[in-house]
Amino acid sequence: MLDLFSIFSKGGIVLWCFQSTSEIFSPSVNALIRSVILQERSGNNTFNHNSLTLQYKLDNEFELVFVVAYQRILQLSYVDKFLNDVHLEFRDKYKNELQTGRYNSDYEFKMCFDKVLKECENWAKSQAKIPKQMRTFEDSQKSKKTVASMIERKGDEKNKKSVKIVESKNLSNGKIEESSEQEDDVIAANRAKLAQKLASKGKKETKKSPKSPKAVDRVKKPRVWELGGGSRDLPTLEYTTDKDAVPNEIVADTQLVGQMTGAIKDLEVESDYSSSDDEVENAQPTAKKSGGMFSLFKGLVGSKALSEETMRPVLDKLRDHLIGKNVAADIANKLCDSVATRLEGKVLGTFETVAKTVRATLTESLVQILSPKRRVNGVGKSTNLAKICFWLLENDLSVLIAACDTFRAGAVEQLRTHVRRLDALHPAQAHGRRMVHLYEKGYGKDAAGIAMEAIRYAADSKIDVVLVDTAGRMQDNEPLMRALAKLITVNQPDLVLFVGEALVGNEAVDQLVKFNQALADHSATNDPHVIDGIVLTKFDTIDDKVGAAISMTYITGQPIVFVGTGQTYTDLKALNPDAVVRALMK
């Protein structure tokens with residue numbers, strides 16, 4: 001039932017491998033290494049690729065990876081136990097070879113493997129025959145509710161009912177004797193409350209409300225707005241079509257020209273990287289002091305392997321720190337679990353502490369997540385699209401902007417204004433050709449058709465880059481998501497960039513997951529084109545709460561291509577992973 005079991009080092013040397021079919025599993029294993037292990041996403045030990053499910057276990061002491069693969073439709077309950085048992089069996093049998101790093105030795109492991117597999121399969125069959133036990137009352141949440149806890153849940157102090165718990169005495173004959181004096185006090189108090197309640201009812205007098213005057217019928221008059229205008233003002237207020245009059249001449253800000261030539265500058269985030277070292281150190285449980293010179297050297301020499309219990313206080317502190325920096329709570333938990341999986345079993349070196357080791361590993365993981373797997377030239381939306389267009393113009397590339405936002409009022413006019421300003425900054429006389437063009441068809445048209453015509457026009461006119469401006473949409477708006485999936489399927493763009501705000505925290509995860517899922521669901525192809533990268537806007541408004549960058553990159557696995565830091569055309573930066581991680585960890 002298992003298709004593949006492989007044991008290899010983190011350096012890529014295969015120590016032992018079992019394969020039950022002739023199928024080639026290299027793409028699936030490579031996808032696991034590339035997408036999970038190298039990207040520091042090892043919090044969850046299950047990975048799906050095509051029709052296979054791959055489960056893995058890391059051995060951090062000997063730098064080994066144990067991988068098992070089987071068909072996704074199978075429900076194998078013994079795989080976790082099987083991985084652990086094979087891991088222990090292999091370590092115990094070849095401990096000497098692994099300690100000396102002799103990876104080229106002949107590892108004869110087939111008999112042990114078959115033995116462990118048969119034992120685990122028998123264990124799974126025996127577990128399946130055991131009837132499911134009902135949960136006892138002590139295991140339920142209801143057993144943890146006491147009288148005192150239920151009273152404390154009532155927020156109103158005045159309406160709280162006082163409850164006296166009467167101690168009972170067990171007699172020798174098994175009967176229970178209650179304190180008669182306390183019982184009499186409770187009865188007397190209840191009688192006094194009842195008498196007071198009956199007396200207060202008799203004193204109450206019913207007052208009749210005076211008759212209300214007869215309502216006068218009122219007719220609602222139409223509101224007259226100040227400067228509202230009328231039908232005579234419609235021609236002057238119509239902006240959906242260009243007027244015959246020549247628009248006002250735009251004065252170009254020549255200081256902007258030349259600032260974006262070449263690669264985009266990296267984002268700079270000021271931070272004090274070592275400001276929270278003391279806090280993380282304080283998160284460690286203090287060990288009991290023991291006298292003698294031996295204890296001093298024992299604390300200095302790293303001879304103890306890291307475990308989940310020793311790392312948990314530090315990981316909890318770092319998780320709360322990440323959430324405070326606007327990282328989504330689910331992503332913060334996965335990052336800490338990934339660090340724990342990576343470090344479990346690792347032996348600390350001399351003068352190394354748990355806090356510094358965990359912190360350094362988490363920092364390395366964050367930098368790895370934020371580092372793009374490829375460099376891209378991109379597209380954008382609205383103001384950010386104009387910034388990207390300006391950067392392309394600065395590098396002598398002609399651009400066609402396709403106005404495919406046919407829903408939002410004023411979207412086409414906004415692009416017209418940007419095109420006029422960009423044309424003034426890079427006029428045709430300076431380049432020998434017109435550098436920026438706008439392709440528009442008005443409102444209410446099919447966005448996919450407009451994009452197709454714009455791409456065809458750009459190819460005929462030998463324009464270098466086409467930027468498609470689409471309508472902003474929520475991930476749960478099915479008609480708009482279906483239209484976007486159609487636009488992508490029909491036109492096959494080189495890149496699809498998601499424009500998101502740096503202000504969002506937990507919402508970023510839900511938004512990106514549903515957005516990608518909606519693109520896949522509404523696509524007509526078996527291999528849908530989903531998000532290729534992210535443009536993060538309003539990055540200048542969040543100070544050092546840069547957690548949204550981690551959340552978005554972690555959940556999609558795609559890089560943040562551009563970062564918007566202001567309102568001018570030059571306020572476009574490339575994400576600097578080291579600077580962002582410094583701000584995140586300070």
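This is a predicted model: local features need pLDDT of at least 70, side-chain atom pairs count only at pLDDT 80 or more; totals for chains, interfaces and linings use all residues.
Strand β3 pairs with strand β4 (residues 52-59) in the antiparallel sense, over 4 bridges. Within these strands, H49 stands opposite L52 in β4.

Strand β1 (residues 4-9) holds S6. Is S6 buried or exposed? With a relative accessible area of 7%, S6 is buried, because buried means under 20%. Apart from neighbours within four places in sequence, the contacts of S6 are V14, W16, C17, V65, F66 and V67.

One of these contacts, W16, leads on to the aromatic rings. A pair of such rings is described by how far apart the centres are and by the angle of the planes. There are 14 aromatic pairs in the model. In one of them, the ring centres of W16 and F113 are 5.0 Å apart and the planes meet at 50°, so this pair is tilted. Since W16 lies in strand β2 (residues 14-19) and F113 in helix α4 (residues 110-129), the pair ties together parts that are 97 residues apart in sequence. Both partners are buried: W16 has a relative accessible area of 10%, and F113 has a relative accessibility of 0%.

A second pair joins Y94 and Y107, which are edge-to-face, with 4.8 Å from centre to centre and 80° between the planes. Y94 is found in the loop between α2 (79-93) and α3 (95-100), and Y107 in the loop between α3 and α4, so here the linked parts are 13 residues apart in sequence. Y94 is buried at a relative accessible area of 7%, and Y107 also counts as buried, at 4%.

Which residues do the ring pairs link into a cluster? The members are F5, W16, F18, F66, F82, F90, Y94, Y107, F109 and F113, so both pairs described above can be found in this list. Another kind of ring arrangement involves a lysine: K81 lies over the face of W123, at 5.5 Å from the ring centre.

Methods. Residues are numbered from 1 along each chain as its sequence is written. Side-chain values use heavy atoms; hydrogens and water are left out. Rings of Phe, Tyr and Trp (its six-membered ring) pair if their centres lie within 6.5 Å; planes under 30 degrees apart count as stacked, over 60 as edge-to-face and the rest as tilted. Helices (H or I, at least four residues) and strands (E, at least two) are DSSP runs, numbered from the N terminus. Buried means under 20% relative accessible area, exposed over 50%, partly exposed in between (1.4 Å probe, protein chains only). A charge sits over a ring if NZ of Lys or CZ of Arg is within 6 Å of the ring centre and within 35 degrees of the ring normal. Contact means heavy atoms within 4.5 Å. Two strands pair if DSSP finds at least two bridges between them.
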